[in-house]
Amino acid sequence: VKLVIESAKCCGFGECVALAPDIFALGADNRVVFVGAATVREGDEDRAREAAFSCPAEAIEVAE
Amino acid sequence: VTRAGVLIVGGSIAGVRTAEGLRRLRYGGTVTILEESGDLPYDRPALSKQILTGDGDTGSVRLRSAEDLDKAAIELRRGHRAVGLDTATRTVTLHDGSTIGYDDLVVATGASPRMLPGADAGVHYVRTLADAVALRVALAAARRVVVVGAGFIGSEVAAAASGRGAHVTVVEPFAYPLSRVLGDAVGAHLARLHAGNGVELVTGRSVTAVAGGRVTLDDGSIVDGDIVVVGVGAVPNTAWLNGSGLDVADGVVCDAYCRTSAAHVYAAGDVSRWPNALFGEPMRIEHWTNAVEQAGVVAWNIANPDRPRAYTPVPYVWSDQYGSRLQIVGRPRADDQVRVVHEDGTALVALYIRDGALVGAFALNAPQRALALRRSLAARTPLAEVLGEFLTPVTGP
């Protein structure tokens, strides 16, 4: 799946970073950025979905 | 009347997130939300922020559309007010006398603004979307605004009103804004934030009466406004549970797993009081992040009753005022040892220390620090280590 970060919504809660530090990191402006590519490998999809759902600000979208 | 499924009373963020969490966990029964108002779910943090400062568009606060809920197989019944609960027959009674059964029930009825004693019906409170829209209209025509209470809601309204060009007076019974929770040192800093933006603070004074925009204080002095906005806290909505036998004491009393005193009944959001094992104390938290996180745990525990998860969050709340961001993490108290570890022209970071351990922190315009401190609190990082991150030779002790 492909992930989309809506930076304007991100409040820097860091839930996604806590759940999937290999996918998400906090950028210098305290908004979340991708560690690598926005497209997640098959084995990591569940964790990516979990991280997206856990975002209090709903700033991460999972595009199928 | 009994039917399989989860019944959620309250269609705000805690209720909606519980419903969605259940679906994510592939819960197979019906999921029904009873919502008292006629509104689709909306997001409350913006009601005292963007709704007041913006152009009046309320679409941005919409949490879910009817289609979103349909797609997730979540049934939202608007205009349905729960008035009673029978935990023996597992039924909820509605305002029209009808009943609805449940396998599991989630109490997510939230809180209501605490009414200001002695105030007439003309004062504004900010809780619902309708409240915020009405206040926005009133603000557009108001030159003088009196705000009662310098907490988050009062301060955000003051900032919005002053940003619209009104002369704003804030009346607060404590010595400084938020000093009841954060102590005087941080409170004084927040007082300067208000003053620096042209807002007049009247502290140490209580309001004895409000009539037609005229606010009378406990020393007999008068503050006149075109409108008066009250933000003096909230009380949990538990009256509908009277007679249910459910243990209620300033909120619905839960165990560490957000389970109430009755089997198959859970509570989430503003209305829930539960023991947080991370801090070793019972808590009831009226903040958005808590509603989201607690909803996730309640959904899990309903879907997995044989392996429930304890709810042990680090409380977190933010507030936007005058273009500044305030963040509170953990459980600060005014009587904690307060240590200001960073201060410059715009930013401030204060640590709250109790029995030699970090228990909370306040950050003004320092979001990275707030996030790091939230992690430290979750990990119970030793105080010396936390201080070490701040007390570099550059900043000094």
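How many bridges join β17(B) to strand β19 of chain B, and do the two run parallel or antiparallel? In this predicted model, β17(B) and β19 (residues 272-276) of chain B are joined by 2 bridges and run parallel. One residue pair can be named: B:Val253 has B:Arg273 as its bridge partner in β19(B). The two strands belong to an open sheet of 3 strands in chain B, ordered β17-β19-β20, in which the pairing is mixed. The edges of this sheet are formed by β17 (252-253) and β20 (281-283) of chain B; each has a single partner strand, and therefore one side of each is left without a neighbour in the sheet.

The loop between β17 and β18 (265-267) of chain B contains B:Cys258. Although B:Cys258 is not a glycine, its phi is positive, at about 65 degrees. B:Cys258 has a relative accessibility of 0% and counts as buried, because the limit for that class is under 20%. A positive phi is also found at B:Asp355, likewise not a glycine, with a value of about 50 degrees. B:Asp355 is placed in the loop between β24 (348-354) and β25 (357-364) of chain B. With a relative accessible area of 79%, B:Asp355 is exposed.

B:Lys49 is situated in the loop between β2 (31-35) and α2 (50-53) of chain B. Its relative accessible area is 12%, so B:Lys49 is classed as buried. When neighbours within four places in sequence are left aside, the residues in contact with B:Lys49 are B:Glu156, B:Trp318, B:Ser319 and B:Asp320. With B:Glu156, the side chain of B:Lys49 forms a polar contact, side chain to side chain, at 3.3 Å. B:Pro305, by contrast, is located in the loop between α7 and β21 of chain B and counts as exposed, at 52% relative accessibility. A separation of 9.4 Å is found between the C-alpha atoms of B:Pro305 and B:His264, which are 41 residues apart along the chain.

The contact between the two chains was then considered. The size of an interface is often given as the accessible area lost when the parts come together. For chain B and chain A, the buried area is about 1,400 Å², and carbon and sulfur atoms give 50% of it. Chain B contributes 17 residues to the contact and chain A contributes 16 residues. Between the chains, 7 residue pairs are in polar contact, with both residues at pLDDT 80 or more. There are also 4 salt bridges between chain B and chain A. One of the salt bridges links the side chains of A:Glu50 and B:Arg24, with an N to O distance of 2.7 Å.

On the side of chain B that touches chain A, two or more residues come from each of α1 (13-24), α7 (288-303), β21 (316-321) and α8 (367-379) of chain B. The most is given by α8(B), with 5 residues. Grouped by class, this side of chain B comprises 8 charged, 6 nonpolar and 3 polar residues.

Note on methods: Residues numbered from 1 in each chain as written. Chains lettered and ligands numbered in written order. Predicted model: local features only at pLDDT ≥ 70, side-chain atom pairs only at ≥ 80, totals over all residues. Heavy atoms only, no water. Pairing = 2+ DSSP bridges. Helix = DSSP H or I, 4+ residues; strand = E, 2+ residues; numbered from the N terminus. Contact = heavy atoms within 4.5 Å. Buried area = accessible area lost by both parts, 1.4 Å probe. Polar contact = N/O pair within 3.5 Å; in protein donor to acceptor, adjacent residues only side chain to side chain. Nonpolar A, V, L, I, M, F, W, Y, C, P; charged D, E, K, R; others polar. Buried < 20%, exposed > 50% of the residue type's maximum accessible area, 1.4 Å probe, protein only.
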